[in-house]
Amino acid sequence: MAKYSQIADEIRKRILAGRYAVDHALPDQGKLAAEFETSRITIKKAIELLVVEGLVYSRQGSGTYVRKNALEMSKLDSKMDEYVGVTHQLADRSTITSQILHFDVRFPTDIEAEKLMLTKTQPVYAIDRLRLLSGEPFLIEHTIMPVEVIPNITKEILLNSIYHYIKGELGLKFGGANQHIRADKPNELDQKYLKCAQDDPVLEIDQVVYLTDGVPFEYSQTRHRYDQGDILVVTINSV
């Protein structure tokens with residue numbers, strides 16, 4: 001196992017044991033480098049692993065802090081160090097198009113503010129899109145994004161790829177995502193837009209997506225038809 005992975009494991013254990021408390025800063029990288037007898041670069045890579053896992057986040061000029069939901073995130077079996085959107089995932093297989101069902105700017109709900117680490121007065125985009133795979137509906141996306149983090153979203157962007165805009169135009173890099181996946185029965189929107197029968201199963205993915213500095217930029221729920229497309233979850237072990 002790489003040195004930075006070993007260090008990340010030890011810091012993770014300390015977080016779970018309560019040695020590093022929620023909402024408190026970790027020791028700075030210089031102190032950690034001295035303790036583990038390694039370089040600051042190695043410590044930085046270890047911290048980046050924990051950022052992607054959703055255990056910690058960085059505050060510019062202040063340090064690295066333990067997330068409020070760190071214990072919950074530690075129970076997830078699958079963690080990613082790379083994340084891409086639907087358009088990229090299926091680009092080589094099918095034509096992806098979008099239909100905007102709803103788009104506005106408003107203040108976040110309590111749960112949206114918590115997931116995106118916002119105050120109740122920081123505006124967010126509320127976006128509902130129907131995604132079509134070669135002309136056939138296959139998922140509905142309900143997406144919340146902070147205006148301050150992802151500025152200037154337009155309907156033209158929504159009709160194409162939001163992630164292409166974020167990476168290409170804004171120059172931001174994705175760190176990873178925490179996902180909860182469950183089966184559900186179709187609701188009225190599923191039946192209307194996904195053409196689901198009342199007894200058809202629907203797959204729901206609830207996720208928070210992070211930038212490489214640990215800042216969450218998306219809280220979303222996607223609801224998938226059971227018979228259109230598939231979902232591949234890849235766990236990457238960087239050793």
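Across the chain, pLDDT averages 84, and 84% of the residues score at least 70. Residues 74-84 have a pLDDT below 50, with 32 contacts in the model beyond near neighbours in sequence.

This is a predicted model, in which local features need pLDDT of at least 70 and side-chain atom pairs count only at pLDDT 80 or more, while totals for chains, interfaces and linings use all residues. Residues are numbered from 1 along each chain as its sequence is written, and side-chain values use heavy atoms, with hydrogens and water left out.

## Helix H8

Let's turn to a helix. H8 spans residues 162-169, and its buried residues are Ile162, Tyr163, Tyr165 and Ile166. They sit on the same side of H8, because their arc around the axis is only 160 degrees (taken from the directions from the helix axis to the C-beta atoms). Buried means under 20% relative accessible area and exposed over 50%, with a 1.4 Å probe and protein chains only. Gly168 and Glu169 are exposed on the other side of H8.

The buried residues of H8 pack against several elements, including strand S4 (124-133) and helix H7 (155-158). At the N-terminal end, Ser161 caps H8, with a side-chain oxygen 3.4 Å from the backbone nitrogen of Tyr163. Just after H8, Gly171 has a positive phi of about 70 degrees.

## Thr42 in helix H3

Thr42 lies in helix H3 (residues 40-53). Thr42 counts as buried because its relative accessibility is 16%. Leaving aside residues up to four places away in sequence, Thr42 touches Lys3, Tyr4 and Ile7. Helices here are DSSP runs (H or I, at least four residues), as are strands (E, at least two), numbered from the N terminus.

Key
Contact means heavy atoms within 4.5 Å. A polar contact is a pair of N or O atoms within 3.5 Å; within protein, one must be able to donate a hydrogen and the other to accept it, and residues adjacent in sequence count only if both atoms are side-chain atoms. pLDDT is the predictor's confidence in each residue, from 0 to 100.
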